[in-house]
Amino acid sequence: MSVKVFDTKEVQDILKAASNFDGKGANGTARIQQILHRLLGDLFKTIDDLDITPDEVWAGVNYLNKLGQDGEAALLAAGVGLEKYLDIRMDAADKAIGLDGGTPRTIEGPLYVAGAPVRDGVSKIDIDVDEEAGPLVIHGTVTDLDDKPVAGAVVECWHANSKGFYSHFDPTGAQTEFNLRGAVKTDADGKYEFRTLMPVGYGCPPQGATQQLLNALDRHGNRPAHVHFFVAADNLRKLTTQFNIEGDPLIWDDFAYATREELIPPVVEKTGGAALGLKQDTYKDIEFNFTLTSLVKGKDNQLVCRQRASATA
Ligand code: MBD
Ligand code: FE
């Protein structure tokens, strides 16, 4: 049964009525009407074109219920490349105005928690014992596009433990609030440092809606080991990025498509950890410098407003 009804007056009228798309809505309303009219229309057209059955439609509707119940809509957004797509668009917008040279952006992901205590220069962010994870020092300089160090920039960092779990979202409940999360204000030379433990890669909750779809697509739901950053300073654009831990076999097979060539710094084995208060004398060291870009017409046009978890330290 392959019928085509999309272009009938009856269907087009329903699309207009359902989105209340009359061009008369005020401000925000008009925008929502416009977006819903298009999205719903694309869905209806897809159902016609691919002859999607009622059973398939209801499977999809019920999937959305499970997605919400699991609280995984933002995780799915990463997994289907939607979050990466927004980066691709911001990259293209920068290119179109000749803005380049900064540290590349990459996706925020769904696991940030606002409210980490801000320390000066250095922060030790491994609060909980993690036998499996070796010490890791992450440090570098924040500069602007003129290579000038930025003093007083705030570098926020968050990452997983040796099980691939993030504090605040740990299904085992094992971690203290803000374990492996921190914020540092750069010193006069623009330097920051985090003393922490080596993360391992993340895997989607095996029983969750996201993994359910990935399974149906014959895809995995894993990320290589990585560390997230926000870097913010007065009169510069706030950077959202991550680096990957060099050598992770999934670096070029990230289910969220966040890997970039410039975001795989070398991991250097060092000694002298005891003097730094680390749990072992040998430790891993990653130098990662951030270059922030200038405001565009006086505005931070890459600032993203989205719902985020928050806590008090
Ligand atoms: C993560 O740790 C992450 O960074 C993303 C993008 C998705 C899921 C878990
Ligand atoms: Fe992550």
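User: Why does arginine 306 count as partly exposed?

Analyst: This is a predicted model, in which local features need pLDDT of at least 70 and side-chain atom pairs count only at pLDDT 80 or more, while totals for chains, interfaces and linings use all residues. Residues are numbered from 1 along each chain as its sequence is written, chains are lettered from A and ligands numbered from 1 in the order in which they are written, and side-chain values use heavy atoms, with hydrogens and water left out. Arginine 306 has a relative accessibility of 26%; buried means under 20% relative accessible area and exposed over 50%, with partly exposed in between (1.4 Å probe, protein chains only), so arginine 306 counts as partly exposed.

User: What makes the contact of glutamate 83 and arginine 306 a salt bridge?

Analyst: The term asks for a side-chain nitrogen of Lys or Arg within 4 Å of a carboxyl oxygen of Asp or Glu, and the side chains of glutamate 83 and arginine 306 meet at 2.9 Å, N to O. The pair links distant parts of the chain, with glutamate 83 in helix H5 and arginine 306 in the loop between S12 and strand S13 (309-310), 223 residues apart. Helices (H or I, at least four residues) and strands (E, at least two) are DSSP runs, numbered from the N terminus. Glutamate 83, with a relative accessible area of 10%, is buried.

User: Why can arginine 260 and aspartate 91 be said to tie together parts of the chain?

Analyst: Their side chains form a salt bridge of 3.0 Å, N to O. Arginine 260 lies in the loop between S9 and strand S10 (268-270) and aspartate 91 in helix H5, so the pair ties together parts that are 169 residues apart in sequence. At 18% relative accessibility arginine 260 counts as buried, whereas aspartate 91, at 22%, counts as partly exposed. Salt bridges that share partners join Asp91, Asp94, Arg105, Arg237 and Arg260 into one network, and the count of salt bridges comes to 17.

User: How do you know where aspartate 13 and lysine 9 lie in relation to one another?

Analyst: Both lie in helix H1 (residues 9-18), 4 residues apart, about one turn of the helix. An α-helix has 3.6 residues a turn, so residues three or four places apart point the same way. The side chains of aspartate 13 and lysine 9 meet in a salt bridge of 2.6 Å, N to O. Aspartate 13 counts as partly exposed at 36% relative accessibility, while lysine 9 counts as exposed at 63%.

User: Which residues form the nonpolar patch on the surface?

Analyst: Val80, Leu82, Tyr85, Leu86 and Ile88 form this patch, with about 470 Å² of accessible area together. Accessible areas come from the Shrake-Rupley method with a 1.4 Å probe, and for residues only the protein chains shown count as cover. Patch residues have over 30% relative accessible area and no salt bridge; like charges are joined within 9 Å and nonpolar side chains (Val, Leu, Ile, Met, Phe, Trp, Tyr) within 5 Å. Tyrosine 85, placed in helix H5 (residues 82-96), has 47% relative accessibility and therefore counts as partly exposed.

User: Is phenylalanine 290 buried or exposed, and how do you know?

Analyst: At 0% relative accessibility, phenylalanine 290 counts as buried. Val142, Tyr192, Phe194, Phe229 and Phe290 touch the most other members of the largest nonpolar core, which has 26 residues. Such a core is a set of buried Ala, Val, Leu, Ile, Met, Phe, Trp, Tyr and Cys residues joined through side-chain atoms within 4.5 Å.

User: What makes phenylalanine 229 and phenylalanine 290 an edge-to-face pair?

Analyst: Rings of Phe, Tyr and Trp (its six-membered ring) pair if their centres lie within 6.5 Å, and planes under 30 degrees apart count as stacked, over 60 as edge-to-face and the rest as tilted. The count by this rule is 11 aromatic pairs. For phenylalanine 229 and phenylalanine 290 the centres are 5.0 Å apart with 65° between the planes, and the pair is edge-to-face. Phenylalanine 229 lies in strand S8 and phenylalanine 290 in strand S12 (residues 290-291), so the pair ties together parts that are 61 residues apart in sequence. Tyr192, Phe194, Phe229, Phe243, Phe288 and Phe290 form one aromatic cluster.
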